[in-house]
Amino acid sequence: MSATAGQAADGVRSLADRFGIEPGMVVMEMGYDEDVDQDLRDALTDRCGELVDEDTDEVVDAVLVWYRDGDGDLFELLVDALGPLADNGVVWLLTPKAGREGHVEPSEIAESAPTAGLQQTSTVNAGRDWSGARLVLRRGAKGKK
């Protein structure tokens, strides 16, 4: 079995691989602050180029949402993330791990995502302090916004 470009020789998947980011993808970032995981951001920008901000006019393939408890209404933030998202795009909701400042209870994600028209498909370890929830559009949800 051969490794993809993003995999190390020992078969370990890179962060960009875990997030499904490929060269040429347009990735939007929301909620950036000084506490984000810089290694993750570097891995993603190395793979796809610069991350665009939430003021972009482009259709995006993925949205990275850094969200901490106290950052405002999660439902509204997820709805905002859907605006420029391609129909087959993905939202990565990045939240501090349990025990870290700003940790978000899984129940908050479980309530907000479906209300916004998203369903959670998996979670990943997104760094030392962050977890990532992969959220995709439920069938027919984009047209109902």
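Is Val79 buried, partly exposed or exposed? At 30% relative accessibility, Val79 counts as partly exposed; buried means under 20% relative accessible area, exposed over 50%, and partly exposed in between, with a 1.4 Å probe and protein chains only.

**Before you start**

This is a predicted model, in which local features need pLDDT of at least 70 and side-chain atom pairs count only at pLDDT 80 or more, while totals for chains, interfaces and linings use all residues. Residues are numbered from 1 along each chain as its sequence is written, and side-chain values use heavy atoms, with hydrogens and water left out.

**Stop 1: the whole chain**

Colour the protein chain by secondary structure. It comes to four helices and five strands, in the order α-β-α-β-α-β-α-β-β along the sequence. Helices (H or I, at least four residues) and strands (E, at least two) are DSSP runs, numbered from the N terminus. Of the 145 residues of the protein chain, 45% count as buried. Contact means heavy atoms within 4.5 Å. Among the contacts in the protein chain with a separation of 6 or more, 72% are between residues 24 or more positions apart.

**Stop 2: strand 1 and strand 2**

Select residues 27-30, which are strand 1. Val27 and Glu29 point one way from strand 1, Met28 and Met30 point the other way, and all are buried. Strand 1 and strand 2 pair in the parallel sense over four bridges; two strands pair if DSSP finds at least two bridges between them. The bridge partner of Met30 in strand 2 is Val65.

**Stop 3**

Select Arg41, in helix 2 (residues 38-48). Is Arg41 buried or exposed? Arg41 has a relative accessible area of 16%, so it is buried. Leaving aside neighbours within four places in sequence, Arg41 is in contact with Glu29, Tyr32, Val36, Leu51 and Trp66.

Move on to Glu58, in the loop between helix 2 and strand 2. Glu58 counts as partly exposed because its relative accessibility is 40%. Not counting residues up to four places away in sequence, Glu58 touches Val26, Val52 and Pro84. Draw a distance from Glu58 to Met28: their C-alpha atoms are separated by 9.2 Å, and the two are 30 residues apart along the chain.

**Stop 4: the nonpolar cores**

A nonpolar core is a set of buried Ala, Val, Leu, Ile, Met, Phe, Trp, Tyr and Cys residues joined through side-chain atoms within 4.5 Å. Select Val63, Val65, Leu78, Val91, Leu93, Leu118 and Leu135; of the 24 residues in the largest nonpolar core, these touch the most other members.

Zoom in on Leu78. Not counting residues up to four places away in sequence, Leu78 touches Val91, Ser112, Ala113, Ala116, Leu118 and Leu135. Val79, the residue of the opening question, is also placed in helix 3.

**Stop 5: strand 5 and its partners**

Select strand 5, residues 130-137. Strand 5 is largely enclosed by the rest of the structure, because six of its eight residues are buried. Strand 3 and strand 5 pair in the antiparallel sense over seven bridges. Pro96 stands opposite Trp130 in strand 5. Strand 4 and strand 5 also pair in the antiparallel sense, over seven bridges, and the bridge partner of Ser122 in strand 5 is Arg134. The hairpin of strand 4 and strand 5 has four residues between the strands, and there Gly127 takes a positive phi near 140°.

**Stop 6: the largest pocket**

A pocket is an open set of points on a 1 Å grid over the protein atoms alone, where a 1.4 Å probe fits, with protein on both sides within 12 Å along at least five of seven lines; lining residues have an atom within 4 Å of a point.

Select Thr95, Pro106, Ile109, Thr123 and Ser131, which lie nearest the centre of the largest pocket among its 16 lining residues. The elements that give two or more residues to the lining are strand 3 (85-96), helix 4 (106-115), strand 4 (118-125) and strand 5 (130-137).

Finish on Thr95, in strand 3. Thr95 is buried, with a relative accessible area of 7%. Leaving aside neighbours within four places in sequence, Thr95 is in contact with Tyr67, Val104, Ile109, Asp129, Trp130 and Ser131.
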